[in-house]
Amino acid sequence: MNLGGLIREDACACASSSETTAVDTRFLRTNRRTLSSNARNNQLHFKLPEMSRHACLAAAALLAVLCVADAQRRLALPDPRSCANRVRHSTYRDGRGVLHSYFFSWEHAPTRSLEVDWLDARNICRRHCMDAVSLETPQENEFIKQKIAKGNVRYIWTSGRKCNFAGCDRPDLQPPNVNGWFWSGSGAKIGPTQQRNTGDWSYTGGYGQAQPDNREAAQGNDESCLAILNNFYNDGVKWHDVACHHVKPFVCEDSDELINFVRSRNPGLRL
């Protein structure tokens with residue numbers, strides 16, 4: 001795929017946009033809203049009143065800015081052509097027998113030096129029928145960690161997210177820093193962070209405390225996104241909670257949901 005062209009477009013998204021409003025909250029819902037419904041909701045219908053040419057152009061420019069700003073706060077829908085031509089650096093079959101393809105941003109020339117925030121990482125992946133990686137088994141986690149170590153990459157984004165937005169006040173998600181973590185790419189829940197055998201959280205961080213420590217909360221930044229850091233604190237390749245506005249390389253993983261969505265609307269397309 002011509003990922004380089006898409007990357008130039010995607011990388012323009014604002015790194016300081018609010019990830020809270022962009023999170024895929026299907027994790028919270030009993031009945032999932034369909035992607036086609038999302039597509040309808042993302043359409044903008046408007047009618048401009050009669051005005052002068054200059055006023056019309058000014059209004060159109062303002063509308064374009066507002067549309068871009070609005071789009072930055074939403075999850076991207078897949079692009080069929082990009083999905084069909086997506087770059088796949090590796091495939092892996094986990095312990096459950098699930099076979100997925102993966103994209104590593106540092107292994108692709110157009111994205112080798114690209115670092116983006118958590119939402120941008122997800123959206124770049126999603127436009128290609130992928131999503132930021134969800135590490136749902138110990139085997140998959142080790143597979144990705146080995147890739148990070150081999151590539152000498154300092155850190156990456158995953159799809160991991162803390163449930164700290166509307167609807168996250170359910171008793172089973174309290175406290176959020178313990179019971180509120182999940183993989184936004186798949187909707188699967190991450191085990192309680194106090195049970196160290198249910199994840200790969202580091203035993204240390206910037207304050208010398210076990211992860212997740214929400215270290216930036218004092219500065220008003222909730223560390224609600226999950227990154228993998230490569231021996232950043234002399235702790236090996238481990239999970240860390242990080243504020244979502246930070247920029248990092250990323251790993252994409254096939255999204256069965258997005259692939260099925262595109263396939264259902266493009267029967268002849270080879271994915």
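Predicted model: local features only at pLDDT ≥ 70, side-chain atom pairs only at ≥ 80, totals over all residues.
**Disulfides**

I searched the whole structure and found four disulfides. With the bonded cysteines of the chain numbered in sequence order, I read the pairing as 1-3, 2-8, 4-5, 6-7.

The partner of C168 is C163, and their sulfur atoms lie 1.9 Å apart. I find a torsion of about -80 degrees about the S-S bond of C163 and C168, so this disulfide is left-handed. C163 is also buried, at 0% relative accessibility.

I turned next to C83 and C129, which are joined with an S to S distance of 2.2 Å. The pair ties together parts that are 46 residues apart in sequence, because C83 lies in helix α4 (residues 80-84) and C129 in the loop between α5 and β3. The torsion about the S-S bond of C83 and C129 is about 85 degrees, so I record this disulfide as right-handed. C83 is buried at a relative accessible area of 0%, and C129 counts as buried at 0% relative accessibility.

For C225 and C244 I find a disulfide with S to S 1.9 Å. C225 lies in strand β6 and C244 in the loop between β7 and β8, so this pair ties together parts that are 19 residues apart in sequence. The link of C225 and C244 is right-handed, with 95 degrees about the S-S bond, and both C225 and C244 are buried.

**Sheet with β6**

I followed β6 into an open sheet of four strands, with antiparallel pairing and the order β5-β4-β6-β7. Its edge strands, β5 (181-183) and β7 (237-242), each pair on one side only, and the twist averages 45 degrees from one strand to the next. Three bridges join β4 (residues 155-162) to β5, and I see G160 standing opposite W183 in β5.

Two helices lie across strands of this sheet. Helix α5 (residues 118-126) lies across β4 and β6, running at about 95 degrees to β4, and nine of the nine residues of α5 are buried, among them W118 and C125. Helix α6 (residues 138-150) lies across β4, β6 and β7, at about 50 degrees to β6.

**Sheet with β3**

I then looked up the open sheet of four strands ordered β1-β2-β8-β3, whose pairing is antiparallel. Because β1 (90-93) and β3 (130-132) each have a single partner strand, one side of each is left without a neighbour in the sheet. Three bridges join β3 to β8 (residues 251-254), and M130 stands opposite D254 in β8.

Notes
Residues numbered from 1 in each chain as written. Heavy atoms only, no water. Pairing = 2+ DSSP bridges. Axes fitted to C-alpha atoms, helices over the stretch in contact; angles between N-to-C directions. Contact = heavy atoms within 4.5 Å. Buried < 20%, exposed > 50% of the residue type's maximum accessible area, 1.4 Å probe, protein only. Disulfide = S-S within 2.5 Å.
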